[in-house]
Amino acid sequence: MSFAAVLLDLDGTLLNTLADLTDATNAMRIELGMHPLSQDVVATYLGKGTRNLVRRALSNSLDAHVDDELLDRGLEIFQRTYHLVNGDKTLLYPGVLEGLTAFREQGMRLAVVTNKPQAFTLPLLERSGLLHFFEHVVCGDTCAQRKPDPMPMLHACDLLDVAPADTLAIGDSCNDALAAKAAGITVLAVPYGYNEGQSVHTLEVDDIVSSIEEAAQWARNH
Ligand SMILES: O=C(O)COP(=O)(O)O
Ligand SMILES: [Mg+2]
């Protein structure tokens, strides 16, 4: 089988954004009189978009309820701070440039499908030098639903004018795996990102690859 397009997750797949996200999270917690959290804890709260990160960080738990007033205050502080630090300590994972270049050389169309809101995503892709690889960028606030709903991946397929069956997705979390499977898209996982504290081996994916470069080799052989 050969693929016409590749949909790439952003946080934990292309870019290691954990340090900046932790700084903004802790600026919020400190301003609200709470103690800072470690990067390891914040890593388990990533993946379901900014509002869920803020809710999880305020309650210091994965699924506790936070009242709307506190959530809105937290969100305002988080957004203000993250805009200031977005990209400062962000690093490309090894093999990303090689892999994206190889996909393009194989003639594949590329899009990002991220749960990060657009206001943070586009400046970050620009600053990281990755934006030019992608024909489309679908963000957490582009569609009515975010991953793990299939809607943003199906929207990316529509924008690229490719069938889901001819598309490959690559991500680091259950949100990517579930969205891709529900959309009928082949999906690979990388093991170095953030999967809400779970091993990537628990994911229903077609394979696990060590890098985007290895994903491009995998695509060439399938
Ligand atoms: O913003 C998030 O929660 C994670 O974004 P991602 O979909 O790029 O991993
Ligand atoms: Mg991710």
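In the UniProt record, an unreviewed entry, the feature "binding site" is placed at Asp9, Asp11 and Asp172; such positions follow the numbering used here, feature names are shortened, and annotations may be inferred rather than shown by experiment. These residues span 164 residues in sequence, yet no two of their C-alpha atoms are more than 8.2 Å apart, so they gather at one spot. Aspartate 9 is found in the loop between strand E1 (5-8) and strand E2 (15-16), where helices (H or I, at least four residues) and strands (E, at least two) are DSSP runs numbered from the N terminus.

The structure is a predicted model, in which local features need pLDDT of at least 70 and side-chain atom pairs count only at pLDDT 80 or more, while totals for chains, interfaces and linings use all residues. Residues are numbered from 1 along each chain as its sequence is written, and chains are lettered from A and ligands numbered from 1 in the order in which they are written.

The protein chain is divided into domain 1 (5-16 + 90-220) and domain 2 (18-85), with bounds taken from an automatic or database domain assignment. The domain centres, taken over C-alpha atoms, are separated by 24 Å. In domain 1, 14 residues are in contact with eleven residues of domain 2, contact requiring C-beta atoms, placed from the backbone, within 7 Å. The side of domain 1 that touches domain 2 comprises three nonpolar, eight polar and three charged residues. Here Ala, Val, Leu, Ile, Met, Phe, Trp, Tyr, Cys and Pro count as nonpolar, Asp, Glu, Lys and Arg as charged, and the others, Gly among them, as polar.

Both domains also contribute at least three residues each to the shell around ligand 1. Of the 15 residues around this ligand, Leu10, Asp11, Thr114, Asn115 and Lys116 come nearest; a residue is near if its C-beta atom, placed from the backbone, lies within 6 Å of the molecule. Three residues of the shell are nonpolar, seven polar and five charged.

The axes of helix H5 (residues 96-105) and helix H9 (residues 212-220) come within 6 Å and cross at roughly 25°. Axes are lines fitted to C-alpha atoms, for helices over the stretch in contact, with angles running from 0 to 180 degrees between N-to-C directions. H5 and H9 are therefore roughly parallel to each other, a term for angles under 35 degrees. Seven nonpolar, one polar and two charged residues make up the contact of H5 with H9.

Terms used: Angles under 35 degrees count as roughly parallel, over 145 as roughly antiparallel, 65 to 115 as roughly perpendicular and the rest as oblique. Two residues are in contact if their C-beta atoms, placed from the backbone, lie within 7 Å.
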